[in-house]
Amino acid sequence: MTYSEQWDLESIFTGGIDSPALTQRLATITAQITPLLATVRAWQYAKDQPKFTVMTQITEQLQMLEAGLKQTDSFVNMIQSTDERNPQVMPMMGRINALGNSVNQIEVALTKKLVGLTEVEFASLVATPALQIIKFNLTEKRTSGATLLDATTEKLINQFALDGLKGWSDHYDSIVAEVQVPDGQTLLSAGQAQNKFESDPDPKVRQRIFKSWYQTWERYSPLLTDTLNHLAGFRLTEYQAHGTTDYLKKPLETSRMQSATLKTMWAVVSQNKAPLVAFLKRKAALMGKTQLAWYDTWAPVVVGDFKPQTYTYDEAAAFIVQQFKTFSPQMAAVAQKAFENRWIEAEDRPGKQPGGYMTDLPETNDFRIFMTFDGTPSGVATLAHELGHGFHTMMINDLPSWRQDYAMNVAETASTFAELIVSDATVKAAQSPAAKINLLDQKITNAIDMFMNIHARFLFEERFYAARQKKLQTTAELKALMLVAQKEAYADALTDYDPLFWADKQHFFFDDVSFYNFPYTFGYLFSMGIYAKAQTTPDFEADYIALLRDTANMSTEDLAQKHLSVDLTQPAFWQAAADSIAADVAQFLALTEGYQE
Ligand SMILES: [Zn+2]
């Protein structure tokens, strides 16, 4: 055993949730807020020009405050991830959220100052050498700030949101914490049950657990209907107050993406379902069925006497570092460092939340990864995925905070890229056709998630917001909307669906963002484009890092144009990615020809 599977949080703030250093850091942040707000409010263009020293200080201090909040918030979140029922976590989070709201007031005040400048004044401001590096970010604030209301109203909206938008999102988490799925005499948590019906090799077990899972959510569905309705209702009212009824405006703005790009992406996805339908059909045949059900889509294909390969944590670490090295020595070095310095929490033990994430720590200039490593190839892929996020962080953490603030869609680029490197390597290294089939199955199943599962989420959410604008939705209406979306997204290829997917999937209940779906598909396809380029470009590492460093420095379309020379509003780029998925499917179909039951 070389590497520890438990992360080190002590080097961030010593002493856990009671850490004196944490308390001290929060006190410093608190003390800085009022003076900075006063400075921003008093700021005048005429007095500060031509050097803009005050504005430079304001932007630096505000970014420091935001970094402090990120550092403390990440820390408390991480404690919660491994100690779900720690009673001190919620009050501490409440405190950090309240501070976040105060810092947001400064942000609003600054934005208002920027909005108030003429074009010429703003141009001369951002031409200042010290501000040039954040020109894009300041421009973005000024553009999106045009619809802000007066400071008092904005403050009030943010305060209401704590008990409204955020309150409903927290309420969802509270309900889910109560969810227990019976399986015979045992009670499974929501996460455990999901794992089981998604990955158990026995179709009867999958069906049994899914049935019990569905009945459990059904029982909670009236509460979840209320929660979703009010969460969306709050959001729509807020949008309206800021002059829009377009519920996709904010998500697209957050992703720094044009509507044309989103439409083109989904159009290409819709036109390329056929190979995936063929894959699902073959997978069903390999499992002795004519058609798969919703809960079968993730199940592993096992042919012959093949036993899936398992990895110890150390083996996974060595494999990942080795594969990263073939593409980028710097990527390998970051991964190595993360393993050695205990930046990863991977142990399989009770009390941990499900899922995985990477969180960056701007004040210690590092990151942490949370996950539960199970030794499967998909566990290795998840580890590589999170390390890809970590690499992104390490390549940009010398830049100003705002330049590190990349959007959700490109956030999944570095991670998916890292995952692709490792999953491709495992397919290539497979010793037998049976092993190759198993790994290709996983790779294509990932494509199914992006082209079908995520597409269903988007179709549902779009139609739900349109319907919610007119009236509150009933449970029956939500179920019907979801069923239609799933049938469309899966091209009618399944026997059973999950009409309660809107209730059992946390993503529909996030308070900070809506439409947390299209960025996944975007990031997946975008990283495939980068991966394709990596295989044909010598010295790709430098290009790749340059791209990562621009991820919070321009629109998504400009990023693709500058670093990949492609136009995202046109189908060609997306089609190339879809073609590479089709090639994987063709390989899978050829390999499995003789195995059908
Ligand atoms: Zn990710």
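Biologist: In the second largest pocket, how many lining residues are nonpolar, polar or charged?
Modeller: In this predicted model, the lining of that pocket has 8 nonpolar residues, 4 polar residues and no charged residues.

Biologist: Which residues are they?
Modeller: The lining includes the aromatic residues Phe306, Tyr311 and Phe319. Among the others are Gln309, Pro377, Thr426, Gln431, Asn438 and Leu439, as well as Ala429, Ala430 and Ala435.

Biologist: How much space lies in the second largest pocket?
Modeller: The space comes to about 190 Å³.

Biologist: Let us turn to the aromatic rings. How many aromatic pairs are there?
Modeller: The count is 45 aromatic pairs. One of them joins Phe501 and Phe508, whose ring centres are 6.3 Å apart.

Biologist: Why is the pair of Phe501 and Phe508 called edge-to-face?
Modeller: The planes of the two rings stand at 80°, and an angle over 60 degrees counts as edge-to-face. The pair is therefore placed in that class.

Biologist: Are Phe501 and Phe508 buried or exposed?
Modeller: Phe501 has a relative accessible area of 4%, so it is buried. Phe508 is also buried, because its relative accessibility is 4%. The cut-off for buried is under 20%.

Biologist: What about Phe510 and Tyr516, how are their rings arranged?
Modeller: Phe510 and Tyr516 form an edge-to-face pair, with 5.5 Å from centre to centre and 85° between the planes. Both Phe510 and Tyr516 are buried.

Biologist: Which ring does the charged end of Lys141 sit over?
Modeller: The charged end of Lys141 is placed over the ring of Trp402, at 4.0 Å from the ring centre.

Biologist: And where does Arg142 lie?
Modeller: Arg142 is found over the face of Phe122, and the distance to the ring centre is 4.8 Å.

Biologist: A last topic: what is the strand order in the open sheet of 3 strands?
Modeller: The order is β3-β5-β4, and the pairing is mixed. The edge strands are β3, residues 344–345, and β4, residues 357–361, each of which pairs on one side only.

Biologist: How many bridges join β4 to β5, and do the strands run parallel or antiparallel?
Modeller: There are 5 bridges between β4 and β5, the latter covering residues 366–370, and these two strands run antiparallel. As one example, Leu361 has Asp366 in β5 as its bridge partner. In general, strands of a sheet pair through backbone hydrogen bonds.

Technical notes: Residues are numbered from 1 along each chain as its sequence is written. This is a predicted model: local features need pLDDT of at least 70, side-chain atom pairs count only at pLDDT 80 or more; totals for chains, interfaces and linings use all residues. Side-chain values use heavy atoms; hydrogens and water are left out. On a 1 Å grid over the protein atoms alone, a cavity is a set of points where a 1.4 Å probe fits but cannot get out, and a pocket is an open set with protein on both sides within 12 Å along at least five of seven lines; lining residues have an atom within 4 Å of a point. Grid points are joined across faces, edges and corners, and a volume is the space filled by probe spheres set on the points. Ala, Val, Leu, Ile, Met, Phe, Trp, Tyr, Cys and Pro count as nonpolar, Asp, Glu, Lys and Arg as charged, and the others, Gly among them, as polar. Rings of Phe, Tyr and Trp (its six-membered ring) pair if their centres lie within 6.5 Å; planes under 30 degrees apart count as stacked, over 60 as edge-to-face and the rest as tilted. Buried means under 20% relative accessible area, exposed over 50%, partly exposed in between (1.4 Å probe, protein chains only). A charge sits over a ring if NZ of Lys or CZ of Arg is within 6 Å of the ring centre and within 35 degrees of the ring normal. Two strands pair if DSSP finds at least two bridges between them. Helices (H or I, at least four residues) and strands (E, at least two) are DSSP runs, numbered from the N terminus.
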